[in-house]
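Reader: I have a protein model open and want to learn how to read it. Can we take one feature at a time?

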Amino acid sequence: MVNARGWARTRAAMKFEIEETLHGPKRVAEMTSLAMDGQRNWRHRGHLGPSDGTRGKMRTRSVAALAVRAWASSLGFPPRESEQLGQATAASVLYAAIINSPSTLKVEGTRSAVAEFFAQYSEHDHIARGVSGLGDTQQVISITWADNGPPELNKNVPGANELDEVIAMRQLNLIALGDWVADQADHPLFLIKALDA
């Protein structure tokens, strides 16, 4: 159960329960850009752990982490080194997906609880922070790295001067990736049970 407290000064804390949805390998491929054969290969090579469900199904948070890893890999970041990168940024990807697309959430409960949930969702970002797992931490906006350099998690948009200093840099925009994941999902990313106060 999540207690979304502190941000909504004019409303009582909203309590809700979260359940991640499962996504099959075909949908995971569309949400992450890692084809079904690629998923099998990554599992075979030890780059990807066992699935969260039967027949290669994955939960939403695992899909978000894999999306970061797959797109970073397409930009030249080694898959064997990307697991921590995916885990560190999955909540930021999900936050972007949730904040920009309410269809990523399926909300159940009494009429008043659902209405209150969406009222708070539209007024503040604490719902998206609670559901995504971002909590009180600052969202990671992008990941950048230079050839043979470690990845840098950027919590602000790089300024023009910062970009001028880098000769060869790769950048992964996590806000756009969150939008991609939301657009490619064929059903909500989370099932929410809104609880009456």
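Author: Start with a loop residue. Thr-104 lies in the loop between H4 and strand S5 (105-108). Keep in mind that this is a predicted model.

Reader: Is Thr-104 buried or exposed?

Author: Look at the relative accessibility and compare it with the cut-off. Buried means under 20%. Thr-104 has 3% relative accessibility, so Thr-104 counts as buried.

Reader: Which residues is Thr-104 in contact with, leaving aside neighbours within four places in sequence?

Author: Thr-104 is in contact with Ala-97, Ile-98, Ala-182, Pro-188, Leu-189 and Phe-190, once neighbours within four places in sequence are left aside.

Reader: Next along the chain is Leu-105. Which residues does Leu-105 contact, leaving aside neighbours within four places in sequence?

Author: With those neighbours left aside, the list is Ile-98, Phe-117, Tyr-121, Val-131, Pro-188, Phe-190 and Ile-192. Now place Leu-105 in the core. The largest nonpolar core has 48 residues, and Leu-105 and Phe-117 touch the most other members.

Reader: Let me step back. How many helices and strands are in the protein?

Author: Eight helices and nine strands. The protein has 197 residues, and buried residues make up 41% of them. Sequence separation is another thing to read. Among contacts with a separation of 6 or more, 69% come from residues 24 or more positions apart.

Reader: How do I describe two packed helices?

Author: Take H3 (residues 60-74) and H4 (residues 83-100). Their axes come within 7 Å and cross at roughly 115°. The crossing of H3 and H4 is right-handed.

Reader: Which residues of H3 and H4 meet?

Author: From H3, they are Thr-60, Arg-61, Ala-64, Ala-65, Val-68, Arg-69 and Ala-72. From H4, they are Glu-83, Leu-85, Gly-86, Gln-87, Thr-89, Ala-90, Val-93 and Leu-94. Then sort the contact of H3 with H4 by class: eight nonpolar, four polar and three charged residues.

Reader: H3 also meets H1. Where do I begin with that pair?

Author: Begin with the axes again. Those of H1 and H3 come within 9 Å and cross at roughly 55°. That angle is why H1 counts as oblique to H3. The crossing of H1 with H3 is right-handed. Val-28, Met-31 and Thr-32 of H1 meet Val-63, Leu-66, Ala-67, Ala-70 and Trp-71 of H3. The contact of H1 with H3 has seven nonpolar residues, one polar and no charged.

Reader: And H4 with H8?

Author: H8 spans residues 174-184. The axes of H4 and H8 come within 7 Å and cross at roughly 65°. H4 passes H8 in a right-handed crossing. On the H4 side, the contact is made by Thr-89, Ser-92, Val-93, Ala-96, Ala-97 and Asn-100. On the H8 side, the residues are Leu-174, Ile-175, Leu-177, Gly-178, Asp-179, Val-181 and Ala-182. By class, the contact of H4 with H8 has eight nonpolar, four polar and one charged residues.

Reader: Where does Gln-139 lie?

Author: In the loop between helix H6 (126-132) and strand S6 (142-146). Gln-139 counts as buried, at 12% relative accessibility. Leaving aside neighbours within four places in sequence, Gln-139 is in contact with Ser-92, Tyr-95, Ala-96, Leu-134, Lys-155 and Ile-175.

Note on methods: Residues are numbered from 1 along each chain as its sequence is written. This is a predicted model: local features need pLDDT of at least 70, side-chain atom pairs count only at pLDDT 80 or more; totals for chains, interfaces and linings use all residues. Side-chain values use heavy atoms; hydrogens and water are left out. Axes are lines fitted to C-alpha atoms, for helices over the stretch in contact, and angles run from 0 to 180 degrees between N-to-C directions. Helices (H or I, at least four residues) and strands (E, at least two) are DSSP runs, numbered from the N terminus. A crossing is left-handed if the near helix is turned anticlockwise from the far one by less than a right angle, and right-handed if clockwise. Contact means heavy atoms within 4.5 Å. Ala, Val, Leu, Ile, Met, Phe, Trp, Tyr, Cys and Pro count as nonpolar, Asp, Glu, Lys and Arg as charged, and the others, Gly among them, as polar. A nonpolar core is a set of buried Ala, Val, Leu, Ile, Met, Phe, Trp, Tyr and Cys residues joined through side-chain atoms within 4.5 Å. Buried means under 20% relative accessible area, exposed over 50%, partly exposed in between (1.4 Å probe, protein chains only). Angles under 35 degrees count as roughly parallel, over 145 as roughly antiparallel, 65 to 115 as roughly perpendicular and the rest as oblique.
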